[in-house]
Every structure is written in C-alpha cells, then in structure tokens.
Amino acid sequence: MSGRVALVTGGAGGIGTEICKKLISEGYRVVVTCAPVFECPNLDEWKKQREAEGTPIPVYEANVADFTSCKNAVEQIEKEVGPIDILVNAAGITRDSTLKKMTEQQWNEVIDTNLNSVFNMTKQVFTGMTDRGFGRIVNISSVNGRKGQFGQANYSAAKAGMHGFTMAVAQEGITKGVTVNTISPGYIGTEMVKKIPEDVLKKIIAQIPAGRLGRPDEIARVVAFLVHEDAGFITGANIDINGGQFIH
Ligand code: CAA
Ligand code: NAP
C-alpha cells in the first residue's frame, strides 16, 4: 500500500471516477477537484455513491481553466491532506464545430480547459515534487490530438499541445524523480462521447477495429501502471489506448 496522495482533476467525470477507484484500490490517498460547484449538478449524487461504496473521496473546487483557482485548491489540499505526489490531469471539455462555424469563445474555452489547465495545475505541484524527489504526472490527451478530427480544431490542438508539455517537463523532472507521461484514449463511453450525434457516432465506431467504445477502467489501469513507484524509468511517453483506431 503506497499511501501517497494522488490528485485527479475531473475526478468526478466518467474516466476520472474509474481512475479514482483504481488508485484507491491500490492504496493511494485520492482527492479530486471538480469545476465550480454550481456547474456540477451531479456532484452530491457522486459523493453519495462513493460513500455507499465505502470509499468517500474529498472533493475540492478548482476551475482548471483559472490559474488562481488551481493555486488556491492545491494550497488547501496540501494543508488538509498532505503534499501531492501524483497529479492526473483529466479535466476536459469539447466544443465541437467545424472551423468555419467555430467561435472565438469555443476556441478559447477548449484551449483554457484542456491545455492551459495542464500548466495551471502542474505548476502548483511540480516544485514540491522535485524538492521531495518523487512525483508522477499523467496527462489525459486524446486520439484526436494524435490524428486530428473533423470538427475539433480546438480540441485536437489542445490535446496535441498537451503532449508537447509532457515531453518538455519530463526532461525537467526526471533528474529529480518526477515522471511526466501522456495517455491518449480513443473513444470511451462517457458523457463526453454521448454528446456526439448518434449518426456521427455510429460512423466513428465503424472505424474502430476493436468494434466498440473503450471503457474508463481500460484507461484507469494504465494510469495506475504509470504512477507506480516502479515506473520511474518511463517518462515523456505517450500511450495510445484506442482499440486500433490510430496506430502510430
Ligand atoms: N469528414 C468529412 N466531412 C464531414 C465529416 C467528416 N468526418 N463530418 C461531416 N462532414 C461534412 C458533412 O458531410 C457536410 O457536408 P456538406 O456540407 O457538403 O453536406 C458538412 O461536413 C457538415 O458541416 P457542418 O458544419 O454543417 O457540420 P455539422 O454542424 O453538421 O456538424 C460536427 C459538425 C459538430 C463537427 C459534427 O460532425 C460532430 O459532432 N462530429 C463529431 C466530432 C467528434 O468526433 N467529436 C468527439 C467528441 S468526444 C471526444 O472528443 C473524446 C475524445 O477525445 C475522443
Ligand atoms: P467527462 O465525464 O465529461 O468528465 C470531464 C470532467 O472534467 C468532468 O468531471 C468535468 O467536471 C471536468 N471539468 C470540465 N471543465 C472543468 C473545469 N473548467 N474545471 C474543472 N473541471 C472541469 O468526460 P471524460 O470522458 O471522463 O473525459 C475525461 C478526460 O478524458 C478529458 O480530458 C477528455 O478530454 C479525455 N478524453 C476523453 C475521451 C472519451 O472518449 N470520453 C477520449 C479521449 C480523451 P463537471 O462535469 O463538473 O463540469
């Protein structure tokens, strides 16, 4: 049992919840951040479910798109729970639109929430990790950051940028015991994918050689692998988990 503290942003989301469950089962002390509470209508239900499962998880409010909000949340977590050893950047949104129709707001919201967020959060924990000589950072990118996707210029750009961040910060962290890696999931059956029009989604699934959407637990097990004490030689890597949809 590790006892290390793991922070999962977007921890109450579809993929985030499975990451939390997996890390708890492996002995980590897990905390999550969620978007400002008024934007999380299902949060109370989520908390009740975790309590019913016997594994209540502390939730802190942090808008990942806002640097100061992240700073305040991390300060509070470190005061109340302890130094953060593991950060999983899993919060994210889509605002799909063809470039012709995309508004500046749709562009900015996705870049702020999916890319600037990674700076906003990692910046708060990185120095502590290097000072203590241990840290694990996992950035949840996307198959669409690897290959691009029709209607996702904003999201594909943010998710591709995420891995650039991973590769740069991996070089800064590895001499101090801190690893930084990217996971690029394919289409996983969560609320995010349920927003895709049914006819469009059918066509997308037809392009996945595995013949199905992925499951959140299939992402969670790779997060657990990367954050393990024994994974200290893996850094700057991207791991594709996409049912064969994109092989590079
Ligand atoms: N390739 C080429 N052309 C396409 C196309 C595609 N994949 N999809 C649509 N088109 C064409 C249509 O045939 C149509 O052509 P005509 O005008 O000649 O008839 C045109 O594009 C439609 O353009 P519109 O701007 O009117 O598009 P729309 O408003 O109907 O919808 C869209 C555009 C919102 C992008 C919609 O196609 C869509 O939702 N696509 C899904 C995008 C997607 O994969 N999102 C993933 C969300 S989940 C996620 O992101 C998680 C993850 O990491 C995997
Ligand atoms: P999800 O269920 O919609 O979860 C997304 C989470 O991000 C939610 O908990 C959401 O909180 C949180 N979030 C959104 N905006 C935020 C903000 N400004 N501040 C703080 N938290 C915010 O989607 P998911 O499928 O689990 O996605 C998790 C991650 O995996 C995302 O980064 C996504 O891009 C990535 N991903 C998903 C897929 C897929 O197919 N599902 C594939 C590849 C990559 P609220 O709900 O409270 O707003």
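1. By class, the shell around ligand 2 in this predicted model holds 17 nonpolar, ten polar and two charged residues. There are 29 residues around ligand 2, and the closest are Gly14, Ile15, Tyr155, Ile188 and Thr190. Three helices, namely helix 1, helix 6 (153–173) and helix 7, each supply at least two residues of this shell.

2. Which polar backbone atom is 2.8 Å from an oxygen atom of ligand 2? It belongs to Ile15. Tyr155 uses its side chain instead: an N or O atom there is 2.6 Å from an oxygen atom of ligand 2. On its own, ligand 2 has 880 Å² of accessible area, and the protein covers 87% of that.

3. Ligand 1 is surrounded by 18 residues, with Asp96, Lys101, Ser142, Tyr155 and Tyr187 as the closest. The shell around ligand 1 divides into nine nonpolar, seven polar and two charged residues.

4. Ser142 has a polar side-chain atom 2.6 Å from an oxygen atom of ligand 1. For Tyr187, a polar side-chain atom lies 2.7 Å from an oxygen atom of ligand 1, and for Thr98 the corresponding distance to an oxygen atom of ligand 1 is 3.1 Å. Ligand 1 taken alone exposes 1,100 Å², of which the protein buries 55%. The elements giving two or more residues to the shell around ligand 1 are helix 7 (191–194) and helix 8 (198–206).

5. The largest nonpolar core has 28 residues, and the members that touch the most others are Ile19, Leu23, Val30 and Ile183. Two or more residues of this core come from each of strand 1 (5–9), helix 1 (14–25), strand 2 (29–34), helix 2 (43–52), strand 4 (86–89), strand 5 (135–140) and helix 9 (216–227). Helix 9 gives the largest share, seven residues. A second, separate core has 25 residues, including Ala73, Val74, Ile77 and Val178.

6. What does Ile183 touch, leaving out residues up to four places away in sequence? The contacts are Val138, Asn139, Ile140, Ser141, Ser142, Ile219, Val222, Val223, Leu226, Asn238, Ile239 and Ile241. Ser142 in this list also has a polar side-chain atom 2.6 Å from an oxygen atom of ligand 1.

7. Asn139 is placed in strand 5. Is Asn139 buried or exposed? Its relative accessibility is 0%, so Asn139 counts as buried. Apart from neighbours within four places in sequence, Asn139 is in contact with Asn89, Val118, Met162, Phe165, Thr166, Val180, Asn181, Thr182 and Ile183.

8. Asn242 sits in the segment after strand 7 (238–241). Asn242 counts as buried because its relative accessibility is 9%, and the cut-off for buried is under 20%. The side chain of Asn242 reaches two backbone atoms: the nitrogen of Gln245 at 3.0 Å and the oxygen of Phe246 at 2.8 Å. Leaving out residues up to four places away in sequence, Asn242 touches Val143, Gly186 and Ile208.

9. Thr68 belongs to helix 3 (residues 67–80). With 45% relative accessibility, Thr68 counts as partly exposed, because that class runs between 20% and 50%. Thr68 and Gln124 are 56 residues apart along the chain, and their C-alpha atoms are separated by 9.8 Å.

10. Where is Phe150? Phe150 lies in the loop between helix 5 (143–147) and helix 6. Its relative accessibility is 71%, so Phe150 counts as exposed. Leu99 is 51 residues from Phe150 along the chain, and 8.9 Å separates the C-alpha atoms of the two.

Definitions and conventions: Residues are numbered from 1 along each chain as its sequence is written. Chains are lettered from A and ligands numbered from 1 in the order in which they are written. This is a predicted model: local features need pLDDT of at least 70, side-chain atom pairs count only at pLDDT 80 or more; totals for chains, interfaces and linings use all residues. Side-chain values use heavy atoms; hydrogens and water are left out. A nonpolar core is a set of buried Ala, Val, Leu, Ile, Met, Phe, Trp, Tyr and Cys residues joined through side-chain atoms within 4.5 Å. Buried means under 20% relative accessible area, exposed over 50%, partly exposed in between (1.4 Å probe, protein chains only). Helices (H or I, at least four residues) and strands (E, at least two) are DSSP runs, numbered from the N terminus. Contact means heavy atoms within 4.5 Å. A residue is near a molecule or strand if one of its heavy atoms lies within 4 Å of it. A polar contact is a pair of N or O atoms within 3.5 Å; within protein, one must be able to donate a hydrogen and the other to accept it, and residues adjacent in sequence count only if both atoms are side-chain atoms. Accessible areas come from the Shrake-Rupley method with a 1.4 Å probe; for residues, only the protein chains shown count as cover. Ala, Val, Leu, Ile, Met, Phe, Trp, Tyr, Cys and Pro count as nonpolar, Asp, Glu, Lys and Arg as charged, and the others, Gly among them, as polar.
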